[in-house]
Amino acid sequence: MCITPNEPSKTSRNFKTLVAHLRQFSISDSQEEFVAEWEHLRFWECTKVGVCRCSKTGIVEHNAITHKATGLVVEPIGSSCIRLFPEDMQEQFKEARDDYLQQKRNRIAKMKVGWGKYAHLTFLKLALHDSQYAEWLLGISKYTTKTRHACFHPDNKEIRKLLKKGIEQNRA
């Protein structure tokens with residue numbers, strides 16, 4: 001992966017900052033060999049937005065990469081930066097992200113509302129049982145997907161999907 005003028009996203013200031021940060025831990029001199037020294041380690045979401053090693057702020061999806069030879073771990077790396085690495089790392093990222101998100105969906109689908117007379121219901125069953133209450137929940141900021149909001153949580157998007165799905169099924 002050479003940085004060339006034909007690839008504007010790879011010539012961004014942030015990506016150059018990331019390359020400069022990783023270069024200090026590199027063994028190789030050439031750009032293509034240098035990038036191949038790294039592999040994707042893990043993916044996770046954070047409730048507090050972070051700062052990528054490229055200096056981009058506001059990342060929710062965090063990644064860790066590791067140097068194949070030394071085992072050095074560098075984190076957090078934002079998902080947009082991971083997409084600038086070679087295909088094999090992007091594939092590792094996609095697999096880790098898909099696995100993480102599937103586990104997250106399964107966990108949220110089983111999660112109970114947790115309060116009041118609906119404490120025993122999942123969000124989907126709540127929406128099927130009382131769609132007006134589910135619509136109210138969608139309207140309050142507790143389940144916002146705005147990352148800068150104090151009530152933001154990465155699970156909110158999935159919770160909102162379940163509530164909307166239950167409301168739609170209830171209407172049908």
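Reader: Why does Tyr133 count as buried?

Author: Buried means under 20% relative accessible area, exposed means over 50%, and partly exposed is in between, with a 1.4 Å probe and protein chains only. Tyr133 has 19% relative accessibility, so Tyr133 counts as buried.

Reader: What makes Trp136 partly exposed?

Author: The relative accessible area of Trp136 is 48%, so Trp136 is partly exposed.

Reader: Before going on, what kind of model is this, and how are the residues numbered?

Author: This is a predicted model, in which local features need pLDDT of at least 70 and side-chain atom pairs count only at pLDDT 80 or more, while totals for chains, interfaces and linings use all residues. Residues are numbered from 1 along each chain as its sequence is written, and side-chain values use heavy atoms, with hydrogens and water left out.

Reader: What is the average pLDDT of the chain?

Author: The pLDDT is the predictor's confidence in each residue, from 0 to 100. The chain averages 87, and 94% of the residues score at least 70. Over residues 1-8 the pLDDT is below 50, and this stretch has 17 contacts in the model beyond near neighbours in sequence; contact means heavy atoms within 4.5 Å. Where pLDDT is low, the predicted coordinates should not be read in detail.

Reader: Which helices and strands does the chain have, and in what pattern?

Author: Helices (H or I, at least four residues) and strands (E, at least two) are DSSP runs, numbered from the N terminus. The chain has seven helices and three strands. Along the sequence the pattern is α-α-β-β-β-α-α-α-α-α.

Reader: Why is the pair of Phe43 and Phe93 called edge-to-face?

Author: Rings of Phe, Tyr and Trp (its six-membered ring) pair if their centres lie within 6.5 Å; planes under 30 degrees apart count as stacked, over 60 as edge-to-face and the rest as tilted. By this rule there are five aromatic pairs. For Phe43 and Phe93 the centres are 6.0 Å apart and the planes are at 65°, so the pair is edge-to-face. Phe43 is in strand β1 (residues 38-51) and Phe93 in helix α4 (residues 87-110), 50 residues apart, and the pair links distant parts of the chain. Both Phe43 and Phe93 are buried. Together with Tyr100, Phe43 and Phe93 form one aromatic cluster.

Reader: What kind of aromatic pair do Tyr133 and Trp136 form?

Author: Tyr133 and Trp136 are stacked, with 5.6 Å from centre to centre and 20° between the planes. They are three residues apart in helix α6 (residues 131-139), so about one helical turn separates them.

Reader: Which residues of α7 are buried, and what do they pack against?

Author: Among the buried residues of α7 are Ile159, Leu162, Leu163 and Ile167. The buried residues of α7 pack against α4, α5 (123-129) and α6.

Reader: Where is Thr144, and why does Thr144 count as buried?

Author: Thr144 is in the loop between α6 and α7. Its relative accessibility is 11%, so Thr144 counts as buried. Leaving aside neighbours within four places in sequence, Thr144 is in contact with His149, Cys151, Phe152, His153 and Asn156.

Reader: What is noted about the phi of Ser55?

Author: Ser55 has a positive phi of about 90° although Ser55 is not a glycine. Ser55 lies in the loop between β1 and β2 (57-67). With a relative accessible area of 35%, Ser55 is partly exposed.

Reader: Which residues does the cis peptide bond join?

Author: The cis peptide bond joins Glu75 and Pro76, with omega about -10°. Pro76 is in strand β3 (residues 73-78).
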